[in-house]
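Subject: Structure for you to look at

Dear colleague,

I am handing over a structure that I would like you to open and read alongside my notes. Please keep it in view while you go through them.

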Amino acid sequence: MIDHHFPFKINCLSACNNSNYFLNDSLPKYSVDTVVIPFEYKQSALFQPFTFKAIDSVIGILLERDDVLLSINGYAHVDEAGDSICYYLSLNRALVIKDYVLGRGVDSMRITSLKGWGNVRSRNRKTNADILRYNCRAEIMLSYPLPPPPLAVNDRDEDGVADEVDECPDEYGEILKYGCPDKSAIIVPFEPEQFSLFSVSYAVLDSVKAILLRDPTVSITIAGYAYKTEGVDAVCKKLASERADIVRRYLLSRGIDAERILFSKGLGKSKSINAGRNPLEIIRNARAEISLIRR
């Protein structure tokens, strides 16, 4: 008796080895899932609940998506009979699957191939319980069409804005600024994965403090940022918020009126100032930004 816990599905392949699954340029045309339909030893009839469970799962996919194709392969174990009988047993297993699939309303034109492989798979394998279970089966290969590859886009500065519409094609910029950087923001640097101030941070903040003390008509906004390499989304969000908050608290401790800080907020990893192509660029993305607003 076959184990009812036998897995019905094996790993999805990126492409099938069969040349029919490739385009003329050798790119994969389909992704392929192989679904196992187990049979009892020396049997080719469908009558076990676990067998119907496996095949009905396939039919559900086929009825839901009419762009999925299938091929059916039958296998037998070398101990089930001689070579000729094993061939017909494996073929019968494949044909039984075909008849069941067609009887449930699947168009026969979607079956790209059907074959009985006899005992060729098990002939050179050592005999053990797993081998029996491995070969008393049919396999349905479901071929899912892959989406077309994305169009190639020229983007020299790697800011996500195509060169043809990028007003600053050689400078990393923002989508909302048509690919140009925001050069008005004052960058407060932080060490990667840290939110404590250090010598360069203090120097920048002291220059901002001097501007605010000299000109009472100037207010500021503070935005904290983290780079994608500093952690997962939740970590980057928390790190960015802490950077914005420590900048705000430092300026308040130096006598800046809280009303002149219009907002202070962490914006996670929502905006980079470069493409992060080397360690120095990555470090520059660990930052807070202060924008001066004149009333």
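The notes below take up one arginine and then a pair of helices.

This is a predicted model, in which local features need pLDDT of at least 70 and side-chain atom pairs count only at pLDDT 80 or more, while totals for chains, interfaces and linings use all residues. Residues are numbered from 1 along each chain as its sequence is written, and side-chain values use heavy atoms, with hydrogens and water left out.

R243 sits in helix 5, which covers residues 233-253 (helices are DSSP runs of H or I with at least four residues, numbered from the N terminus). Because its relative accessibility is 0%, R243 counts as buried (under 20% relative accessible area, with a 1.4 Å probe and protein chains only). A polar atom of the R243 side chain lies 2.9 Å from the backbone oxygen of Q194, and the R243 side chain also reaches the backbone oxygen of Y225 at 2.8 Å.

Helix 4 (residues 199-214) and helix 5 have axes that come within 10 Å and cross at roughly 50 degrees, which means that helix 4 is oblique to helix 5 (angles under 35 degrees count as roughly parallel, over 145 as roughly antiparallel, 65 to 115 as roughly perpendicular and the rest as oblique). In the contact between them (heavy atoms within 4.5 Å), Y202, L205, D206 and K209 of helix 4 meet V247, Y250 and L251 of helix 5.

Best wishes

Key. Helix = DSSP H or I, 4+ residues; strand = E, 2+ residues; numbered from the N terminus. Buried < 20%, exposed > 50% of the residue type's maximum accessible area, 1.4 Å probe, protein only. Polar contact = N/O pair within 3.5 Å; in protein donor to acceptor, adjacent residues only side chain to side chain. Axes fitted to C-alpha atoms, helices over the stretch in contact; angles between N-to-C directions.
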